[in-house]
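Here is a short report on a single chain. It starts with the overall layout and then turns to the aromatic rings.

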Amino acid sequence: MTVGETAAKLGLPDAFLSANENPGAWWYFDVFGFKIYCYNFEWRREALAFHDLHHVVTGYPCTMKGEMQVATWEFAAGRFPNVFSNLFCLPLVALGAATIPHKTFAAFEQGKGSQSLFGQLMPKDVATWPSQALIALTARDRTQSSRAGNMMGFAALVCLSFFELVLLATPFVLGVRALVGLL
């Protein structure tokens with residue numbers, strides 16, 4: 001099966017090929033039926049092509065659960081070198097740890113045994129490659145981390161992700177509290 005065929009099977013048809021074609025575009029995601037629009041920053045466009053290839057490498061689908069798993073895999077395998085990208089993806093780790101903890105930890109362990117594609121030069125014809133050739137690029141040439149080490153690393157990542165959520169939620173909660181107090 002080719003990278004393109006695998007991507008389509010996972011719900012990512014040509015996403016990795018078109019990630020940089022619309023530099024000023026807005027994108028959106030659905031939350032309980034509401035569309036949340038976000039600006040498509042350059043760091044996101046750069047990370048997205050590799051992120052979508054990581055779906056192919058890991059086999060995680062383009063669903064909310066798959067996004068949680070890929071984000072966790074990326075933190076373990078090697079994160080994108082941009083602070084905003086990391087802040088954007090950290091809440092997915094917290095959400096995964098809260099909703100699918102075993103699968104999220106398994107993604108972390110899989111990531112520890114891999115290296116991300118971030119920073120590598122990907123040819124435009126990557127969609128025609130055999131999926132196994134792409135997976136081979138992520139193979140890490142080192143001994144596997146210990147289970148205890150992985151558990152500690154995962155716990156630290158989850159704590160950091162929940163800390164970010166608390167920091168993000170605090171102004172919102174305080175604002176709602178102030179509004180309710182005014183009523």
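Read along the sequence, the chain of this predicted model runs α-α-β-β-α-α-α-α-α-α. It has eight helices and two strands. Both are DSSP runs numbered from the N terminus: helices are H or I with at least four residues, strands are E with at least two. The radius of gyration is 18 Å, close to the 16 Å that the globule rule gives for 183 residues, so the chain is as compact as a globular protein of that length. That radius is taken over C-alpha atoms, and the rule is 2.2 Å times the number of residues to the power 0.38. Along the principal axes, the C-alpha atoms fill a box of roughly 60 × 45 × 25 Å.

Residues are numbered from 1 along each chain as its sequence is written. In this predicted model, local features need pLDDT of at least 70 and side-chain atom pairs count only at pLDDT 80 or more, while totals for chains, interfaces and linings use all residues; side-chain values use heavy atoms, without hydrogens and water.

Buried residues make up 39% of the 183 residues. Buried means under 20% relative accessible area, exposed means over 50%, and partly exposed lies in between (1.4 Å probe, protein chains only). The chain exposes about 10800 Å², and carbon and sulfur atoms supply 67% of it. These areas come from the Shrake-Rupley method with a 1.4 Å probe; for residues, only the protein chains shown count as cover.

Now the rings. The structure holds nine aromatic pairs. Rings of Phe, Tyr and Trp (its six-membered ring) pair if their centres lie within 6.5 Å; planes under 30 degrees apart are stacked, over 60 edge-to-face, the rest tilted. Trp 27 and Phe 88 form an edge-to-face pair, 5.8 Å centre to centre with 75° between the planes. Trp 27 lies in strand 1 (residues 26-31) and Phe 88 in helix 5 (residues 83-99), so the pair ties together parts that are 61 residues apart in sequence. Tyr 39 and Phe 41 have ring centres 5.1 Å apart and planes at 75°, so this pair is edge-to-face.

| Residue | Relative accessible area | Class |
|---|---|---|
| Trp 27 | 16% | buried |
| Phe 88 | 37% | partly exposed |
| Tyr 39 | 34% | partly exposed |
| Phe 41 | 40% | partly exposed |

Ring pairs link Trp 26, Trp 27, Tyr 39, Phe 41, Trp 43 and Phe 88 into a cluster. The charged end of Arg 44 sits over the ring of Trp 27, 3.7 Å from its centre. The test is NZ of Lys or CZ of Arg within 6 Å of the ring centre and within 35 degrees of the ring normal.
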